[in-house]
Every structure is written in structure tokens, then in C-alpha cells.
Amino acid sequence: MSLLDTKNITPRSLSFFTALAISVINAVLSLLVQPKWYTSVLVFFVTFIIIYSIYYYTLQRFIYRKIKLIYKFIYQTKASKKEEIFYQHILPQKSIEQVSEDVAKWALRRKMEIEKLQDNEKFRKEFLMNLAHELRTPIFSVQGYVDTLLNGALEDENVNRKFLSNANRSIDRLVRLVDDLDEISKLESGKIPIIQQSFVIQELISDVYEEFLLKAKEREIHMLFKKGTERPILVYADEQKIKQVLVNLIENALKYGNDGGTITAGCYVVDDKSIYIEISDDGPGMSETHLPRIFERFYRADRSRARAIGGTGLGLAIVKHIVEAHGHTVNVRSKPGVGSSFGFSLDKGEG
Ligand code: ADP
């Protein structure tokens, strides 16, 4: 770095070089007027001290005080002890160039914060709109049946039980929706801690398969392990939450899968740190356009079918939350007419 690097001039160096230049000129002039070296030396030092002091004081007072104010505004805090040290010792060393870099960085940070807030606001609005829509359908349905029953259908033996059971189904749907909302908001608030332990993932999958056995039998759907992946593998995760992930994925595979189809669970050792688990079905699949948004709350690939089946639209969002809370990711592969595979990774367990 050269002595007079214009990019990195500080008030001190600027004062120094200005004072030096004027002092040299004065000393030379005094030598011409009175050719005595000690007078020149005296003139040099006196001029230097005076010019340096005036220049430095002016710069500090009129420029650096303003800059200090800018910094205080940027940090928006009452100066702490650490900051006082910054203002007294570090700031005066900063060049104007560095100050403008700091301000530019601050402006960029602010811009990003604002963009994030705007995104959150958009997200919040969309969520409220979707929620109102999701609530409206079952509530209107219950209201319709209750009205009809009150207006005479209650006495009609042919329809009264049917209408009541339809209303009951809508109430069940509302309860599922509220349960899922509760689950997702707890996960988002980070209130439920992740309690990790080592366990065999295949055993957990078998438990979930067993819970759905009756439903699967009704539709002649087979639930299997992929050949070659039956050997017990330990994962290190929150067993209850991973059970929830498996329940949601296997339930979806059953809900959307074809009668007589197959659900396959595969467990793979990726490396000495992670395990990959995949739940696949040979159901209707989804077109590629849906895949990037499928984990969003209330997003549905096939709206009418999903509604008819009675899903809340939150199952995959919960899956994503849980897997990400474990520091891992979830992904989907799907092809219309071929089937879907949902996979996620977990830490390898020890034991
Ligand atoms: P839902 O309660 O509607 O099932 P999810 O969040 O669990 O909500 O799933 C979101 C959407 O993803 C579903 O509505 C459905 O369109 C699609 N989907 C999920 N799993 C499958 C699957 N195994 N096969 C086909 N489509 C699926």
C-alpha cells in the first residue's frame, strides 16, 4: 500500500500529509527569506503542529462526528462499553471508503430483512386465506345437514341417520384439521424438543404397517420392505416424531394408491453418517409441475380427489418440518401412472 493511497486515507494521515506539505513549503520560503537552518526547522515544526492540529480537529468535528452519528443510527443502540471503544479508537482509523462499505453492507442487510418480512407477510395472508377455505367446506356441510334435519328430516327414518353420519364425517374432518394445525404450530414454534435416541428403523416401519393393516387389507394393498433392505439399520432420531413421518407417508400411499397395489419401504446406508428411508407406491403419481410445491401447507396435486379422500393438506408439511428439525431433508420422485416415492435422510444410529 502506498503512503498516499487515496482509497484508504484516514483523518490522521490526511492531516499529516497536508501539514507536512504546507510545513515544507513554509520552511523553504523561510530559508529563502532568512537563510538560517534553525529558523527553517523552527518554522517547519511550528507550521506542522498548527496545521496538523487545525486540520485534524476540523475533520474530527465536522466529518467524523457526523459519521459517528451514522454508525449510531445503523446500530440503533445506546453505545455500550464495547461500542464506545469502537467510536474512540476504531472509527477514527477507518477510511471514508471503509465507512461507505459498512453503510452499503448495512443497507444490503436491511434490504434482505425487508424482503424476508414481505415474504412472511405474503405467506401469512395466503395461509389465512387457505385456512378459511379449508374450514368453510366442513362447517357449511355440517350446517346444511343440521338445518335440513331441523326442518323436518329428523322425523324421516329414511334419511335422518344418513344425514347425521354425514355431518359427523365433516366434524371428524374438522377435528383432523385442528389436530394437524396444532401439530404444525407446535413444530414451528420449536416448543416440542427433539429427543433423539438410537432405534431400528425397520421395526418402526413394521409397527406403522401393522396399524394400517386393516385399511390395507380392505383395498388389497400389500405393504412390504424392498428386497435387500430388510437387514436392521439403526437411526439416531426422535422415534415418536419419525413415527409421525412414517404414518403420514404410508397413509398417503394408502389413500392415493390403487386398489391391489403395493407400498414398499426401503432403508439404505448412505455413508458412515446417514441413512436414507424411502416409502414408494405404485399409485397414480403426480406430474412434475406439482413436485416443487407438494410440501407446502394445503397444497394438493389433485384437488378434487384429495378433498374427496378427506385429507387436511398438512400431512407433507408436517413431514417436512419434522425431518428438517432433525437437520435433514425430504424429497419426492413421482411419475403419473407409475407411482410416487417419498424419501428422507436421518443420522445413523449407534449401538
Ligand atoms: P393431504 O391431506 O391432502 O393428503 P398431504 O400434505 O399429505 O395432504 O399431501 C399433499 C398432496 O400431495 C395430496 O393432496 C396429494 O395430492 C399429493 N400426494 C401426497 N402423497 C401422494 C402419493 N403417495 N401419491 C399421489 N399423490 C400424493
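**Note on the ligand site and its surrounding space**

1. An oxygen atom of the ligand lies 2.9 Å from a polar backbone atom of Ala301, a polar contact being a pair of N or O atoms within 3.5 Å (within protein, one must be able to donate a hydrogen and the other to accept it, and residues adjacent in sequence count only if both atoms are side-chain atoms). The model is predicted: local features need pLDDT of at least 70 and side-chain atom pairs count only at pLDDT 80 or more, while totals for chains, interfaces and linings use all residues. Residues are numbered from 1 along each chain as its sequence is written, and side-chain values use heavy atoms, with hydrogens and water left out.

2. A backbone N or O atom of Leu316 is 2.8 Å from an oxygen atom of the ligand, and a polar backbone atom of Gly315 is 3.3 Å from one. Taken alone, the ligand exposes 520 Å², of which the protein buries 97% (Shrake-Rupley method, 1.4 Å probe).

3. Ala301 also has a contact within the protein. Its backbone oxygen is 3.4 Å from a polar side-chain atom of His290. His290, in the loop between E5 and H9, has a side chain joined to that of Tyr299 by a polar contact of 2.9 Å.

4. The shell around the ligand holds 20 residues, and Asn252, Tyr256, Asp281, Gly313 and Leu316 come nearest (a residue is near if one of its heavy atoms lies within 4 Å). Helix H8 (239-256), helix H10 (315-325) and strand E7 (339-348) each give two or more residues to this shell; helices (H or I, at least four residues) and strands (E, at least two) are DSSP runs, numbered from the N terminus. The largest share, four residues, comes from H8. By class, the shell has ten nonpolar, six polar and four charged residues.

5. The ligand takes up the space of the largest pocket (an open set of points on a 1 Å grid over the protein atoms alone, with protein on both sides within 12 Å along at least five of seven lines; lining residues have an atom within 4 Å of a point). This pocket holds about 1,200 Å³ of space. Its lining comprises 46 residues, with Asn252, Lys255, Tyr256, Gly311 and Thr312 closest to the centre. Elements supplying at least two lining residues include helix H5 (160-189), strand E5 (274-281) and helix H9 (303-309). The lining divides into 19 nonpolar, twelve polar and 15 charged residues.

6. How many cavities of 30 Å³ or more does a search of the whole structure find? The search finds one, a cavity being a set of grid points where a 1.4 Å probe fits but cannot get out. The largest cavity has about 40 Å³ of space and is lined by Glu134, Pro138, Arg173, Leu177, Gly311 and Thr312. Helix H4 (96-150) and H5 each supply at least two of the lining residues.

Notes
A molecule sits in a cavity or pocket if more than half of its atoms lie within 2 Å of its grid points. Ala, Val, Leu, Ile, Met, Phe, Trp, Tyr, Cys and Pro count as nonpolar, Asp, Glu, Lys and Arg as charged, and the others, Gly among them, as polar. Grid points are joined across faces, edges and corners, and a volume is the space filled by probe spheres set on the points.
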